[in-house]
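Hello,

Here is the structure I promised to pass on. Could you look it over alongside my notes below?

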Amino acid sequence: MPIIPRADDVLIIVDMQYDFLPGGGLAVAGGDQIIAPIAALAQRFDSVVMTQDWHPADHISFASNHPGKHPFETIELAYGTQVLWPDHCVIGTHGAALVDGLAPPNAQLIIRKGFHREVDSYSGFQEADRQTRTGLAGYLRERSLQRVFVVGLATDFCVGWTALDAQAAGFETFVIEDATRAISADGSLGRAWAEMEKAGVERIVAADVG
Ligand code: VGL
Ligand code: ZN
(Lines give C-alpha, C1' and ligand atoms only; values in the text may rest on other atoms or scores of the structure.)
(Ligands and ions follow the chains in the order given, each with its own letter.)
Protein backbone atom coordinates (compact mmCIF):
# COMPACT_ATOMS: atom_id res chain seq x y z
CA MET A 1 0.00 0.00 0.00
CA PRO A 2 1.68 3.21 -1.07
CA ILE A 3 1.63 6.06 1.41
CA ILE A 4 0.62 9.20 -0.43
CA PRO A 5 2.10 12.35 1.13
CA ARG A 6 -0.56 14.72 2.46
CA ALA A 7 -0.62 18.39 3.35
CA ASP A 8 -0.49 17.53 7.05
CA ASP A 9 2.70 15.46 6.76
CA VAL A 10 6.18 16.62 7.71
CA LEU A 11 9.53 15.10 6.76
CA ILE A 12 12.13 15.45 9.53
CA ILE A 13 15.69 15.19 8.21
CA VAL A 14 17.93 14.31 11.14
CA ASP A 15 21.57 15.40 11.50
CA MET A 16 22.78 15.25 7.88
CA GLN A 17 26.12 16.87 8.80
CA TYR A 18 29.69 16.29 7.64
CA ASP A 19 30.86 14.79 10.92
CA PHE A 20 28.40 11.91 10.45
CA LEU A 21 29.56 11.12 6.91
CA PRO A 22 32.53 8.86 6.10
CA GLY A 23 35.69 10.79 7.04
CA GLY A 24 33.88 12.81 9.71
CA GLY A 25 34.43 12.94 13.48
CA LEU A 26 31.67 10.41 14.22
CA ALA A 27 31.37 8.76 10.84
CA VAL A 28 28.32 6.61 10.13
CA ALA A 29 29.01 3.92 7.52
CA GLY A 30 27.11 4.66 4.31
CA GLY A 31 25.89 8.03 5.56
CA ASP A 32 26.77 9.57 2.20
CA GLN A 33 24.56 7.02 0.40
CA ILE A 34 21.36 8.53 1.76
CA ILE A 35 21.93 12.14 0.64
CA ALA A 36 20.38 11.73 -2.82
CA PRO A 37 17.45 9.56 -1.63
CA ILE A 38 16.60 12.12 1.07
CA ALA A 39 16.84 14.99 -1.43
CA ALA A 40 14.36 13.11 -3.65
CA LEU A 41 12.00 12.39 -0.74
CA ALA A 42 12.08 16.04 0.35
CA GLN A 43 10.53 17.03 -2.97
CA ARG A 44 7.48 14.92 -2.12
CA PHE A 45 6.65 16.73 1.14
CA ASP A 46 5.22 20.23 1.54
CA SER A 47 6.76 20.59 4.99
CA VAL A 48 10.35 19.72 5.85
CA VAL A 49 12.19 20.25 9.14
CA MET A 50 15.90 19.58 9.64
CA THR A 51 17.80 18.91 12.87
CA GLN A 52 21.42 19.84 13.48
CA ASP A 53 23.61 18.39 16.24
CA TRP A 54 25.35 21.47 17.69
CA HIS A 55 27.77 20.99 20.57
CA PRO A 56 30.13 23.30 22.46
CA ALA A 57 33.75 22.00 22.45
CA ASP A 58 33.52 21.17 26.17
CA HIS A 59 30.35 19.09 25.74
CA ILE A 60 29.71 16.38 28.34
CA SER A 61 29.14 13.72 25.64
CA PHE A 62 32.71 13.97 24.31
CA ALA A 63 35.11 11.31 25.63
CA SER A 64 37.87 13.92 25.28
CA ASN A 65 36.29 15.85 28.16
CA HIS A 66 36.58 12.86 30.54
CA PRO A 67 40.23 12.05 31.24
CA GLY A 68 40.96 8.34 30.89
CA LYS A 69 37.72 7.59 29.04
CA HIS A 70 37.46 6.45 25.43
CA PRO A 71 34.82 6.91 22.76
CA PHE A 72 31.91 4.43 22.99
CA GLU A 73 32.44 3.84 26.72
CA THR A 74 29.58 4.97 28.93
CA ILE A 75 29.30 7.08 32.07
CA GLU A 76 26.42 7.59 34.49
CA LEU A 77 24.96 11.08 34.65
CA ALA A 78 22.04 12.45 36.66
CA TYR A 79 19.72 11.80 33.71
CA GLY A 80 20.96 8.26 33.01
CA THR A 81 23.64 6.40 31.06
CA GLN A 82 25.54 8.54 28.57
CA VAL A 83 27.57 7.07 25.71
CA LEU A 84 30.83 8.97 25.23
CA TRP A 85 31.48 10.03 21.66
CA PRO A 86 34.42 11.23 19.63
CA ASP A 87 34.33 15.02 19.26
CA HIS A 88 31.72 15.88 16.64
CA CYS A 89 29.50 18.71 15.41
CA VAL A 90 31.31 21.42 17.34
CA ILE A 91 29.50 24.73 16.90
CA GLY A 92 30.81 26.66 13.93
CA THR A 93 33.06 23.92 12.50
CA HIS A 94 32.80 22.38 9.05
CA GLY A 95 31.85 19.04 10.65
CA ALA A 96 28.76 20.67 12.14
CA ALA A 97 27.58 22.09 8.81
CA LEU A 98 24.58 20.59 7.04
CA VAL A 99 25.75 18.69 3.96
CA ASP A 100 25.78 20.46 0.62
CA GLY A 101 23.47 18.77 -1.82
CA LEU A 102 20.86 18.45 0.85
CA ALA A 103 19.43 21.92 1.24
CA PRO A 104 15.80 21.39 0.33
CA PRO A 105 14.26 24.75 -0.57
CA ASN A 106 11.15 23.72 1.35
CA ALA A 107 13.05 23.08 4.61
CA GLN A 108 11.39 25.67 6.80
CA LEU A 109 12.90 25.08 10.21
CA ILE A 110 16.27 23.90 11.53
CA ILE A 111 16.23 22.66 15.12
CA ARG A 112 19.66 22.85 16.76
CA LYS A 113 20.21 20.53 19.69
CA GLY A 114 22.92 19.55 22.15
CA PHE A 115 24.23 23.05 22.82
CA HIS A 116 23.81 22.84 26.60
CA ARG A 117 27.18 21.69 27.92
CA GLU A 118 25.82 19.31 30.59
CA VAL A 119 23.04 17.56 28.62
CA ASP A 120 23.15 15.54 25.41
CA SER A 121 20.23 15.67 22.99
CA TYR A 122 19.64 12.91 20.46
CA SER A 123 16.00 13.74 19.89
CA GLY A 124 14.79 16.74 17.94
CA PHE A 125 11.97 17.12 20.48
CA GLN A 126 13.66 17.07 23.88
CA GLU A 127 17.06 16.78 25.49
CA ALA A 128 18.36 13.64 27.18
CA ASP A 129 17.20 14.88 30.60
CA ARG A 130 13.69 14.15 29.17
CA GLN A 131 12.59 17.58 30.40
CA THR A 132 14.05 20.35 28.30
CA ARG A 133 11.91 20.75 25.16
CA THR A 134 13.08 22.13 21.86
CA GLY A 135 9.65 23.48 20.89
CA LEU A 136 9.33 21.18 17.87
CA ALA A 137 6.11 19.47 19.04
CA GLY A 138 4.49 22.86 19.54
CA TYR A 139 5.64 24.01 16.11
CA LEU A 140 4.18 20.93 14.42
CA ARG A 141 0.88 21.24 16.32
CA GLU A 142 0.53 24.93 15.61
CA ARG A 143 0.92 24.12 11.93
CA SER A 144 -1.66 21.29 12.22
CA LEU A 145 0.86 18.72 10.99
CA GLN A 146 -0.15 15.21 12.00
CA ARG A 147 2.09 12.59 10.41
CA VAL A 148 5.85 12.62 10.93
CA PHE A 149 8.32 10.86 8.58
CA VAL A 150 11.87 10.55 9.91
CA VAL A 151 15.07 10.06 7.86
CA GLY A 152 18.78 10.78 8.35
CA LEU A 153 21.49 9.84 10.84
CA ALA A 154 21.76 7.83 12.87
CA THR A 155 18.98 5.21 12.96
CA ASP A 156 19.88 3.94 16.43
CA PHE A 157 20.41 7.31 18.11
CA CYS A 158 19.06 10.61 16.81
CA VAL A 159 16.59 9.13 14.29
CA GLY A 160 15.28 6.56 16.78
CA TRP A 161 14.92 8.98 19.69
CA THR A 162 13.27 11.59 17.45
CA ALA A 163 10.78 9.02 16.15
CA LEU A 164 9.96 7.73 19.66
CA ASP A 165 9.35 11.26 20.92
CA ALA A 166 7.23 12.15 17.88
CA GLN A 167 5.05 9.08 18.46
CA ALA A 168 4.82 9.81 22.22
CA ALA A 169 3.75 13.38 21.43
CA GLY A 170 0.79 12.00 19.48
CA PHE A 171 2.03 12.19 15.90
CA GLU A 172 1.61 9.15 13.65
CA THR A 173 5.27 8.39 13.04
CA PHE A 174 7.11 6.57 10.27
CA VAL A 175 10.82 5.84 9.88
CA ILE A 176 11.93 5.45 6.27
CA GLU A 177 14.55 2.78 6.94
CA ASP A 178 16.54 2.92 3.71
CA ALA A 179 16.91 6.69 4.13
CA THR A 180 18.77 6.17 7.41
CA ARG A 181 22.08 4.57 8.43
CA ALA A 182 23.14 3.34 11.87
CA ILE A 183 26.11 3.71 14.21
CA SER A 184 25.49 0.18 15.61
CA ALA A 185 27.35 0.38 18.92
CA ASP A 186 26.89 -2.61 21.21
CA GLY A 187 23.52 -3.81 19.90
CA SER A 188 22.09 -0.30 19.72
CA LEU A 189 20.36 -0.81 16.36
CA GLY A 190 18.37 -3.88 17.40
CA ARG A 191 17.33 -2.15 20.63
CA ALA A 192 16.26 0.98 18.78
CA TRP A 193 14.04 -0.95 16.35
CA ALA A 194 12.54 -3.03 19.19
CA GLU A 195 11.61 0.15 21.08
CA MET A 196 10.22 1.83 18.00
CA GLU A 197 8.12 -1.19 17.07
CA LYS A 198 6.81 -1.49 20.64
CA ALA A 199 5.83 2.19 20.59
CA GLY A 200 3.97 1.79 17.29
CA VAL A 201 6.40 3.65 15.05
CA GLU A 202 5.91 2.39 11.50
CA ARG A 203 8.94 1.04 9.65
CA ILE A 204 8.73 1.70 5.92
CA VAL A 205 11.05 2.12 2.91
CA ALA A 206 11.31 5.03 0.46
CA ALA A 207 9.52 3.05 -2.26
CA ASP A 208 6.42 2.91 -0.02
CA VAL A 209 6.03 6.68 -0.38
CA GLY A 210 3.90 6.77 -3.49
C1 VGL B 1 24.17 11.34 17.08
C2 VGL B 1 25.54 10.39 18.65
C3 VGL B 1 25.90 11.62 19.13
C4 VGL B 1 23.22 11.14 15.96
C5 VGL B 1 24.50 12.60 17.55
O6 VGL B 1 23.01 12.07 15.15
O7 VGL B 1 22.66 10.03 15.86
N8 VGL B 1 24.68 10.25 17.65
N9 VGL B 1 25.37 12.72 18.57
ZN1 ZN C 1 26.05 14.61 19.25
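Helices (H or I, at least four residues) and strands (E, at least two) are DSSP runs, numbered from the N terminus. Please keep in mind that this is a predicted model, in which local features need pLDDT of at least 70 and side-chain atom pairs count only at pLDDT 80 or more, while totals for chains, interfaces and linings use all residues. Residues are numbered from 1 along each chain as its sequence is written, chains are lettered from A and ligands numbered from 1 in the order in which they are written, and side-chain values use heavy atoms, with hydrogens and water left out.

Overall picture

The chain has 4 helices and 8 strands, in the order β-α-β-β-β-β-α-β-α-β-α-β from the N terminus on. Along the principal axes, the C-alpha atoms fill a box of roughly 50 × 30 × 30 Å.

Of the 210 residues, 52% are buried; buried means under 20% relative accessible area, exposed over 50%, and partly exposed in between (1.4 Å probe, protein chains only). Contact means heavy atoms within 4.5 Å, and among contacts with a separation of 6 or more, 74% are between residues 24 or more positions apart. The chain exposes about 9,200 Å², with carbon and sulfur atoms supplying 53% of it; accessible areas come from the Shrake-Rupley method with a 1.4 Å probe, and for residues only the protein chains shown count as cover.

As for charge, there are 15 positive and 27 negative side chains, and the centres of the two sets lie 4 Å apart. Lys and Arg count as positive and Asp and Glu as negative, with His and the chain ends not counted. Each charge is placed at NZ of Lys, CZ of Arg, CG of Asp or CD of Glu.

Helix H3 and its surroundings

H3 is the helix I would look at first. Because 11 of its 14 residues are buried, H3 is largely enclosed by the rest of the structure. The buried residues include Phe157, Cys158, Val159 and Leu164, and the buried set packs against E1, strand E4 (80-83), strand E5 (107-113), E6, E7 and H4.

Both ends of H3 have a backbone feature to check. Leucine 153 and alanine 154 are joined by a cis peptide bond with omega of about -10°, and alanine 154 lies in the loop between strand E6 (147-153) and helix H3 (155-168). After H3 comes glycine 170, with a positive phi near 100°.

Alanine 199, in helix H4, is partly exposed at a relative accessible area of 36%. Leaving aside neighbours within four places in sequence, alanine 199 is in contact with Leu164 and Gln167.

Which cysteine sulfur is nearest to that of cysteine 89? A disulfide is taken as a pair of cysteine sulfur atoms within 2.5 Å, and the count by this rule is 0. Cysteine 89 is in no disulfide, and the nearest cysteine sulfur, that of cysteine 158, is 8.6 Å away. Cysteine 89 is buried at 0% relative accessible area, and cysteine 158 is buried at 7%.

Loops worth a look

Aspartate 15 sits in the loop between strand E1 (9-14) and helix H1 (35-42). Its phi is positive, about 50°, although aspartate 15 is not a glycine, and at 0% relative accessibility it counts as buried. Serine 144 also has a positive phi, near 60°, and is found in the loop between helix H2 (136-142) and E6.

Serine 184 belongs to the loop between strand E7 (172-181) and helix H4 (188-199) and counts as partly exposed at 46% relative accessibility. Beyond its neighbours within four places in sequence, serine 184 is in contact with Asp156 and Leu189. Serine 184 and glutamate 172 are 12 residues apart in sequence and 26 Å apart in space, C-alpha to C-alpha.

Finally, tyrosine 79 is in the loop between strand E3 (74-77) and E4, partly exposed with a relative accessible area of 22%. Not counting residues up to four places away in sequence, tyrosine 79 touches Ile60, Glu118, Val119, Asp120, Ala128 and Asp129.

Best wishes
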